[in-house]
Amino acid sequence: MDYRDTPEEAEFRATLREWLTATIPAGWDKIEDEEESVRLRKDWHRTLYRAGYVGMSWPVEYGGRGLSPVYDAILNEESGNLGAPPLPSVGYIGRAIFMYASEEQKRRFLPPLLSGEASWCQGFSEPEAGSDLASLRTAARLDGDHYVVNGQKMWTSGGQYADWCLLLARTDPDVPKHKGISAFLVSMTEPGVTVRPIVIASGEAETAEVFWDDVRIPVEQRLGAPGEGWRIAMTTVAYERGPADIGFIANYRRTLRKVEGLAAERGLLEKEEVRKALARAYVRGEVLRLNCMEQLSMRVSGRAPGPEGSVAKLLWADAEQSLQHLAMDILGADEMTGVAAGWLSSYFTSRPVSVYGGSAQIQKNIIARMLDMPR
Amino acid sequence: MDYRDTPEEAEFRATLREWLTATIPAGWDKIEDEEESVRLRKDWHRTLYRAGYVGMSWPVEYGGRGLSPVYDAILNEESGNLGAPPLPSVGYIGRAIFMYASEEQKRRFLPPLLSGEASWCQGFSEPEAGSDLASLRTAARLDGDHYVVNGQKMWTSGGQYADWCLLLARTDPDVPKHKGISAFLVSMTEPGVTVRPIVIASGEAETAEVFWDDVRIPVEQRLGAPGEGWRIAMTTVAYERGPADIGFIANYRRTLRKVEGLAAERGLLEKEEVRKALARAYVRGEVLRLNCMEQLSMRVSGRAPGPEGSVAKLLWADAEQSLQHLAMDILGADEMTGVAAGWLSSYFTSRPVSVYGGSAQIQKNIIARMLDMPR
Amino acid sequence: MLKDVAAQIAGSAGPSNPSDLNTLDRAAAWRSLAQAGLLALRTRDDDGRPVGSGVEVAVVAEGLGAGLVPVPYLGSAVLATELLALAGAHDEAEALSEGDTRTTVLLDRDLSALAVLPGDQTVYAWDADGAADALALTAGPDGHQVVRVSLDTGFAPAAGSDLTRTLLRSDGPIDGARLTPVGSPLSAEALLRWEALALTVISADIVGVMRAAVARAVAYTKERVQYGVLIGSFQAVQHLCAEAYVQAEASASATNYAAWAVDELDVAEALLAARTAKTQAALVAREVTETVMQVFGGIGQTYEHIAHVHTRRALTDRQVLGDEGVQLVRIADVRLTGE
Amino acid sequence: MLKDVAAQIAGSAGPSNPSDLNTLDRAAAWRSLAQAGLLALRTRDDDGRPVGSGVEVAVVAEGLGAGLVPVPYLGSAVLATELLALAGAHDEAEALSEGDTRTTVLLDRDLSALAVLPGDQTVYAWDADGAADALALTAGPDGHQVVRVSLDTGFAPAAGSDLTRTLLRSDGPIDGARLTPVGSPLSAEALLRWEALALTVISADIVGVMRAAVARAVAYTKERVQYGVLIGSFQAVQHLCAEAYVQAEASASATNYAAWAVDELDVAEALLAARTAKTQAALVAREVTETVMQVFGGIGQTYEHIAHVHTRRALTDRQVLGDEGVQLVRIADVRLTGE
């Protein structure tokens with residue numbers, strides 16, 4: 001594979017950089033207020049959309065530009081490099097919709113998803129069904145031309161702010177658990193939907209629980225056939241964002257620079273031990289970046305995302321968590337006395353990286369499957 | 001618990017030290033020839049026996065002195081401290097014999113075991129039955145007043161040099177696997193016994209395979225009842241030597257001093273990283289020592305060895321293997337170019353510590369059982 | 001037994017989840033400790049010997065750590081009381097043991113040593129819940145002198161990571177006028193002996209935190225079902241728990257010895273044992289409590305779950321009087337240069 | 001494809017167990033490499049460009065590492081040939097590519113750099129199977145000059161840990177009379193470029209060793225039965241293999257990039273990429289090959305089993321041109337002080 005941009009990619013990157021530099025709202029990352037921050041993210045989605053940077057790799061017929069995923073990767077990379085606000089994540093919901101939706105559903109849901117008029121969340125996990133998603137209990141009972149949904153969803157990231165939800169619910173309790181699940185496209189403003197933020201150990205509201213009490217969903221908002229929910233979920237999860245897709249790598253580099261800065265401020269750069277630890281952190285970031293580039297290259301050559309993604313997810317968790325450990329070791333007591341409270345928060349934010357989206361243990365199981373090890 | 005010797009123990013220790021200092025054969029650890037080295041170990045066993053240092057914690061009626069296991073521990077410690085030859089291991093075989101043997105067997109086998117006239121090995125593992133001991137295939141078929149044994153044993157440490165073997169073989173293939181095994185006390189000089197040394201990755205013959213071809217064992221040399229072999233094996237394994245019982249801790253300390261010496265020779269003691277790594281190795285040794293002392297204290301207060309032994313075994317493997325890693329990091333290329341070939345050999349000898357006698361994985365399973373985790 | 005008393009108090013005064021920290025009756029817990037005589041363990045008897053041994057204090061510290069009990073047992077009843085007793089300020093030590101007033105210690109900005117004043121440095125009063133004042137040192141020709149500093153002025157609450165202890169911060173300066181000498185100057189040996197005890201009880205606190213966290217995680221694996229089975233039946237989960245258990249037990253072994261050594265060995269050996277214990281406990285505290293959060297899965301990442309309270313307390317303890325890096329450097333000095 | 005050719009040669013010339021090393025036809029393997037043109041990859045074409053890219057050389061190196069092939073591909077066909085080509089000694093480079101003569105490199109006692117002679121230090125001819133001579137450097141006013149040293153005198157076999165490569169040792173002195181200059185002096189940049197390639201192919205060799213070792217261990221878990229089931233069905237064994245696999249793949253990703261960078265990026269970037277790859281490969285080589293020995297259980301600890309041959313080759317590769325410690329220090333210099 002060639003790691004260098006093609007001339008077209010290089011030109012795209014240059015234009016993008018110029019645009020980002022001119023467009024990134026000054027001081028956006030200083031915003032403390034959660035609501036204001038969400039508003040900013042939504043605005044940023046629309047701004048990106050207007051400039052043609054959302055859904056670039058989507059098929060043209062669904063509002064995309066039909067470009068190679070490399071362009072999305074460049075967008076991620078440069079957004080991270082230049083410190084832009086987080087990118088909207090339209091890919092995995094979009095994929096589910098344009099693979100499984102009816103024409104009418106596509107016309108209705110894809111344009112506002114792309115443009116940022118409607119933001120989405122994913123109602124999959126439940127308190128009793130975390131890693132074991134297929135055992136979900138939220139039930140959708142058919143009642144005339146509506147489904148009536150009851151249950152509780154957990155780890156619904158962005159649930160507080162989303163307009164729509166891709167919801168999984170059990171429509172048939174009498175068949176094997178993977179076969180009785182259906183998927184729905186539901187407005188979060190329906191009566192009976194209650195969202196409660198989940199505050200993680202850092203003290204920040206990172207995700208949400210959503211309660212569904214007699215929520216009525218028109219039959220035409222079911223996605224795919226009844227019982228097709230598990231397949232839709234697996235597609236969605238496969239296209240869920242890996243480290244490469246969320247600007248993680250560029251963020252990692254910026255964080256590493258900050259940690260290097262901390263070490264310098266504290267006069268620790270003379271210590272070989274610290275120098276080596278910082279270099280080790282650099283190597284971790286590079287290894288992750290290069291592994292992701294190889295995967296991207298496979299995707300470009302037409303392969304659907306496979307279990308190799310688990311390698312990147314494990315490397316991601318290791319890199320992120322090790323970097324936070326290193327910061328903690330450099331900051332010492334300051335991280336615990338509140339002097340560097342932001343780093344303590346980052347530390348706690350790094351912990352669930354090995355839990356959400358399939359725990360480290362699940363990722364290793366997936367790799368064992370890929371190695372065709374006995375069940 | 002009190003970590004200090006009682007006055008009696010202190011006196012015993014002082015006398016022992018004096019005796020060891022006077023008695024340890026000069027230059028024994030320079031012996032390269034394997035046969036000569038074995039002869040020396042056998043001589044050392046007899047010397048210890050004559051001085052009353054073998055089987056101190058055995059009941060008086062079986063030739064022991066009925067002392068607390070603390071005395072064995074002191075013997076181990078001082079032997080290690082003063083660089084004595086390895087101690088004979090009579091405990092686990094002796095335990096099996098005095099728990100399960102007939103009076104006649106005890107009279108026949110215990111005195112020469114204690115005195116060192118007869119040395120023993122343990123014929124348990126097989127090529128197809130490593131961790132899963134109960135699936136052993138070596139068969140003992142009753143033929144009149146003899147059993148006829150056929151099969152292959154593996155990892156029979158000291159098999160090349162032993163006079164006798166505590167052998168496990170299947171006497172009844174028609175009952176569940178744990179129930180069809182019997183134990184035997186067999187002379188290694190019987191026709192049909194063939195021993196082949198197993199050379200481990202270090203290049204040294206550490207253990208042996210033993211082939212059993214139509215070996216005839218008189219019925220009166222069966223230990224315990226037919227089918228009681230598994231219970232006997234479990235008793236034996238429980239009393240098998242942990243790190244405290246083989247002078248490991250004292251040896252560890254001496255090896256650590258050598259590694260500190262290597263670092264000093266190479267001018268590495270100025271490096272904080274190296275200093276910390278050496279201190280870390282000291283802490284590992286101390287933690288293992290103190291954990292073993294606590295277990296000893298429990299044994300003294302009458303508790304049979306239990307699953308806590310698995311904690312010490314894991315700490316032991318970690319300490320030993322980490323110390324060899326540290327030596328390798330200090331020696332660098334010298335360990336690979338033959339300049340420090342002895343250290344490479346020690347490195348490879350440290351690897352099976354996490355395999356033999358129940359792999360690290362098995363030890364963790366045992367701990368999970370102890371924590372009453374679901375099966 | 002002391003262990004049972006501590007466990008009982010921990011049972012009633014320890015949080016089951018973080019929100020309990022707002023409602024627990026800390027004053028009652030403190031009174032219980034006073035009534036059980038546990039605040040008096042490091043006061044001296046008529047022969048000048050500690051009422052309770054290092055082992056006994058460590059047992060209490062471990063029990064309160066296991067319960068995540070939010071009272072300043074370490075700060076007031078051990079670190080401050082021992083300092084007062086060593087300085088011969090027996091009346092002051094006795095007064096603390098009655099439980100009506102509390103005193104803690106002032107630590108340097110990196111929490112790694114007792115503050116030496118006067119000076120304009122940042123200092124922290126650690127474990128200062130309900131404390132009116134805190135002890136520090138002044139350097140004098142006859143050695144270090146213990147001094148008392150009022151926490152009324154110049155100190156403000158700091159947003160420490162440990163939700164179970166109160167941390168106050170002063171950005172200085174603290175001048176001589178604010179220092180009240182207590183007792184007689186301390187010998188160098190007395191200070192080292194204090195350090196040995198202090199490191200040991202902090203290690204014991206970490207051991208308690210770790211053992212309780214592991215026990216909670218193990219218990220959870222026996223309740224939580226995924227894929228139709230208890231998660232504790234997965235070998236990966238079993239091994240995670242087993243590894244955490246081994247590290248916690250290894251720390252306990254090292255701490256038990258250090259606790260015994262406090263009163264039984266000469267000061268250099270006692271301090272080496274204490275540094276060994278602190279190294280071991282600090283080294284594994286982060287990994288063990290992280291493993292516990294991992295075993296709890298998603299729920300273990302949330303603020304309202306108890307898991308991170310263990311992590312926070314262990315991570316702060318790790319720093320107090322020096323983390324494993326600090327201890328290793330000192331151990332190396334003893335081992336490699338005989339300093 | 002190159003990969004298939006390398007795999008084919010590795011298949012016929014790689015040992016299945018250590019005793020094969022006594023009987024394998026190494027000369028035939030070398031001839032196959034020559035015939036396939038693989039010894040010529042780092043000679044230069046008429047435009048002065050390498051016949052084969054860094055990527056191609058790394059593919060071959062990985063394939064031969066995977067097969068544990070006991071021929072001096074790295075020493076003669078890459079490290080020596082590249083050095084000759086950079087010095088403009090194209091005829092000498094071509095001669096090596098025909099496979100009739102072999103040359104390797106002389107390294108310092110710690111294997112971390114090309115030897116600079118004359119001098120009385122200990123030096124090693126690494127990967128010297130069948131080599132008549134080895135290349136070193138002399139320092140001159142115009143930069144470093146490549147010199148040839150005959151291995152006929154002053155060198156004796158060393159008991160190196162790697163059973164698949166020949167190691168010769170000279171305890172010196174080696175005086176100027178024994179040094180034959182080859183080609184023109186090398187620029188500093190040429191030497192750094194050589195180092196980038198050399199580090200990369202050594203990393204590729206380690207990657208091959210690790211991938212093959214993991215594959216062997218995984219295959220074993222599908223055959224070996226304990227407790228009535230294949231050991232590969234134990235989650236603990238699955239996770240051991242998965243972790244080793246992840247580390248090997250991570251090393252491959254870093255090495256693939258370094259291999260591309262050799263020809264495509266400026267020398268500083270290429271060298272940083274190479275150091276990154278070597279760091280990663282060296283860092284995990286020990287653990288991965290140890291894990292493989294562990295998965296093989298008792299049998300994996302024996303001399304007659306292939307497992308330790310992987311370990312030995314990986315551990316020696318780890319040292320050649322500097323282990324991860326050496327690389328990290330250099331990376332830190334670039335990152336932190338822009339050196």
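This is a predicted model: local features need pLDDT of at least 70, side-chain atom pairs count only at pLDDT 80 or more; totals for chains, interfaces and linings use all residues.
Residues are numbered from 1 along each chain as its sequence is written, and chains are lettered from A in the order in which they are written. Local features need pLDDT of at least 70, side-chain atom pairs count only at pLDDT 80 or more, totals for chains, interfaces and linings use all residues, and side-chain values use heavy atoms, with hydrogens and water left out.

The size of an interface is often given as the accessible area lost when the parts come together. In the table, buried area is the accessible area (1.4 Å probe) that two parts lose on being put together, summed over both, and a salt bridge is a side-chain nitrogen of Lys or Arg within 4 Å of a carboxyl oxygen of Asp or Glu.

| Interface | Buried area | Share from carbon and sulfur atoms | Salt bridges |
|---|---|---|---|
| chain D and chain A | about 3,300 Å² | 66% | 4 salt bridges |
| chain C and chain A | about 2,800 Å² | 52% | 5 salt bridges |

Contact, meaning heavy atoms within 4.5 Å, joins 39 residues of chain D to 37 residues of chain A. In chain D, Trp260(D), Arg335(D) and Leu336(D) lose the most area to chain A, together 20% of what that side buries. Arg335(D) also forms a salt bridge with Glu260(A), in which the closest N and O atoms are 3.0 Å apart.

The other contact takes 35 residues from chain C and 39 residues from chain A. Here Tyr227(C), Gln294(C) and Gln301(C) supply 21% of the area that chain C buries against chain A, more than any other three residues, while Arg318(C) and Asp329(A) meet through their side chains in a salt bridge (2.9 Å, N to O).
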